[in-house]
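User: I would like a close look at a single part of this model. Please describe the metal site in detail, and then relate its surroundings to the rest of the fold.

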Amino acid sequence: MNNNKHAAMMEKKQELMQLRRDAGSVASHFPEVANIVMRMTYNQRGAKSILRTFHFTPGSYAFFIVNCLRQDCIDGGFDLTQIITTMVRNRRMEGKGSLSCTGTDSSTNHSDIVYEVAIQYI
Ligand SMILES: [Zn+2]
């Protein structure tokens with residue numbers, strides 16, 4: 001990995017951390033939500049599937065973008081913000097589907113997730 005690419009990745013990481021801090025709490029966005037569990041199977045081409053689970057409580061950051069685990073993927077990731085917002089609006093407790101990484105590195109379709117979201121309401 002060359003230095004420019006590394007610098008770009010670090011910048012991206014910091015940007016994500018800032019976005020996360022700016023997102024505000026789950027409680028401030030969705031006061032009716034008691035907790036959110038996102039379970040996903042992460043599939044990367046040429047690698048073993050990885051099961052990833054994310055728990056959100058009212059005090060968590062309302063930040064639902066999951067990073068891509070591919071090392072040289074810079075602008076990738078999986079954004080579940082819209083999915084979760086729609087679920088809460090419709091007071092749905094379960095949702096599932098799949099997303100492909102939006103990254104623009106050399107190999108397209110290098111990773112995807114199959115997710116299940118469970119939301120409990122107060
Ligand atoms: Zn990616």
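**The zinc site and its surroundings**

Analyst: The site of the zinc ion is tetrahedral, with angles of 104 to 114° among its four donor atoms. For comparison, the ideal angle for four tetrahedral donors is 109.5 degrees. The model is predicted, and the values below are computed from it.

The protein donors are Cys68 (SG), Cys73 (SG), Cys101 (SG) and His110 (NE2), which lie 2.1 to 2.3 Å from the zinc ion. Along the chain, these donors follow the spacing C-x4-C-x27-C-x8-H.

The accessibility of the cysteines can be considered next. Cys68 counts as buried because its relative accessibility is 9%, and buried means under 20%. Cys101 has 11% relative accessibility and therefore also counts as buried. Cys73 is buried too. A search of the whole structure finds zero disulfides.

The strands are the next topic. Strand S6 covers residues 111–121 and pairs with strand S1, residues 33–44, in the antiparallel sense over 11 bridges. Within this pairing, Thr41 stands opposite Val114 in S6. S1 also runs antiparallel to strand S2, residues 50–56, and seven bridges join the two. The hairpin of S1 and S2 has five residues between the strands, and Gly46 takes a positive phi near 80° in it.

The whole structure contains three aromatic pairs. In one of them, the rings of Phe30 and Phe64 have their centres 6.4 Å apart and their planes at 35°, so the pair is tilted. Phe30 lies in the loop between helix H2 (26–29) and S1, whereas Phe64 lies in the loop between S2 and strand S3 (65–66); the pair therefore ties together parts that are 34 residues apart in sequence. Both Phe30 and Phe64 are buried.

Tyr42 and Phe78 form an edge-to-face pair, with 6.1 Å centre to centre and 80° between the planes. Because Tyr42 lies in strand S1 and Phe78 in strand S4 (residues 78–79), this pair ties together parts that are 36 residues apart in sequence. Both Tyr42 and Phe78 are buried. The charged end of Arg52 sits over the ring of Tyr42, 5.6 Å from its centre.

How values were computed: Residues are numbered from 1 along each chain as its sequence is written. This is a predicted model: local features need pLDDT of at least 70, side-chain atom pairs count only at pLDDT 80 or more; totals for chains, interfaces and linings use all residues. Side-chain values use heavy atoms; hydrogens and water are left out. Donors are N, O and S atoms within 2.8 Å of the metal (3.2 Å for Na, K and Ca); water is not among the atoms, so sites may look incomplete. Four donors count as tetrahedral if all angles lie between 85 and 135 degrees; four count as square planar and six as octahedral if opposite donors are over 155 degrees apart and all others between 65 and 115; anything else is irregular. Buried means under 20% relative accessible area, exposed over 50%, partly exposed in between (1.4 Å probe, protein chains only). A disulfide is a pair of cysteine sulfur atoms within 2.5 Å. Two strands pair if DSSP finds at least two bridges between them. Helices (H or I, at least four residues) and strands (E, at least two) are DSSP runs, numbered from the N terminus. Rings of Phe, Tyr and Trp (its six-membered ring) pair if their centres lie within 6.5 Å; planes under 30 degrees apart count as stacked, over 60 as edge-to-face and the rest as tilted. A charge sits over a ring if NZ of Lys or CZ of Arg is within 6 Å of the ring centre and within 35 degrees of the ring normal.
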